[in-house]
Amino acid sequence: MTRLSWRWALLAGLALTLTLALGAYAASRYRLGIDLQEQGCLRGTSWLFVIDTQASPQDVRQGDLVAFHARGVGVPFFEGKLFVKRAAGVPGDWVSVTPLETRINGLAMARGLALAPALHRDPGSFIRQERVPVDHFWMLGETADSFDSRYWGMLPMTRMIGKVYVLR
């Protein structure tokens, strides 16, 4: 083999090694998600997203999308399912829920409690005013029928799978 052929072979080997190493890193850090719902709870988003599984709760800012598994939400159908919602409230924020609206730090963030009848609950049973504690998020969808923190309360940060980025 000529000297030039060895260089090309060496460069090809290095390129392959680098590609495999980057692929392994990406596969260990990121997960691809697909939303198969007919009507999603996040307006204007596509059905394809990436979950950064190495993002920590400290990387999440108010308004960021977060993936988590539903646990103890009071509806067996949703138990263990993967959810993606907005972290509308972060530690220290004040949350107020009434039958008409949900406010975070005084700003209206969601309207009504459309799922109360389907959950066989009086909308008044969801009324609350509380502060988001340390190590928790207040999660909201963007549609009236989103099953979110209005119905099941705060999300412990330990349930966070990762920060979500929508692919458009």
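This is a predicted model: local features need pLDDT of at least 70, side-chain atom pairs count only at pLDDT 80 or more; totals for chains, interfaces and linings use all residues.
Close-up 1. Phe77, at 57% relative accessibility, counts as exposed. The ring centres of Phe77 and Phe78 lie 5.3 Å apart with their planes at 75°, so this pair is edge-to-face.

**Close-up 2. The tilted pair of Phe68 and Phe83.** Eight aromatic pairs are found in the structure, and one of them joins Phe68 to Phe83, whose ring centres are 5.6 Å apart and whose planes meet at 50°, so that the pair is tilted. Because Phe68 belongs to strand S3 (residues 65-69) and Phe83 to strand S4 (residues 82-89), the pair ties together parts that are 15 residues apart in sequence. Phe68 is buried, with a relative accessible area of 1%, and Phe83 is likewise buried, with a value of 8%.

**Close-up 3. The salt bridge between Glu142 and Arg86.** The whole structure holds six salt bridges, among them the one between Glu142 and Arg86, in which the closest N and O atoms are 2.5 Å apart. Glu142 lies in the loop between strand S9 (136-140) and helix H2 (149-152), whereas Arg86 lies in strand S4, so the pair ties together parts that are 56 residues apart in sequence. Glu142 is partly exposed, with a relative accessible area of 23%, and Arg86, at 25% relative accessibility, also counts as partly exposed.

**Close-up 4. The buried salt bridge of Asp148 and Arg150.** Asp148 forms a salt bridge with Arg150, and the closest N and O atoms of the two are 2.8 Å apart. Asp148 is buried, its relative accessible area being 0%, and Arg150 is buried as well, with a relative accessible area of 0%.

**Close-up 5. Further salt bridges.** Arg128 forms a salt bridge with Glu130, with 3.4 Å between the closest N and O atoms, and Glu130 counts as partly exposed at 28% relative accessibility. Elsewhere, Glu101, Arg103 and Arg111 are linked with one another in a network of salt bridges.

Conventions. Residues are numbered from 1 along each chain as its sequence is written. Side-chain values use heavy atoms; hydrogens and water are left out. Rings of Phe, Tyr and Trp (its six-membered ring) pair if their centres lie within 6.5 Å; planes under 30 degrees apart count as stacked, over 60 as edge-to-face and the rest as tilted. Helices (H or I, at least four residues) and strands (E, at least two) are DSSP runs, numbered from the N terminus. Buried means under 20% relative accessible area, exposed over 50%, partly exposed in between (1.4 Å probe, protein chains only). A salt bridge is a side-chain nitrogen of Lys or Arg within 4 Å of a carboxyl oxygen of Asp or Glu.
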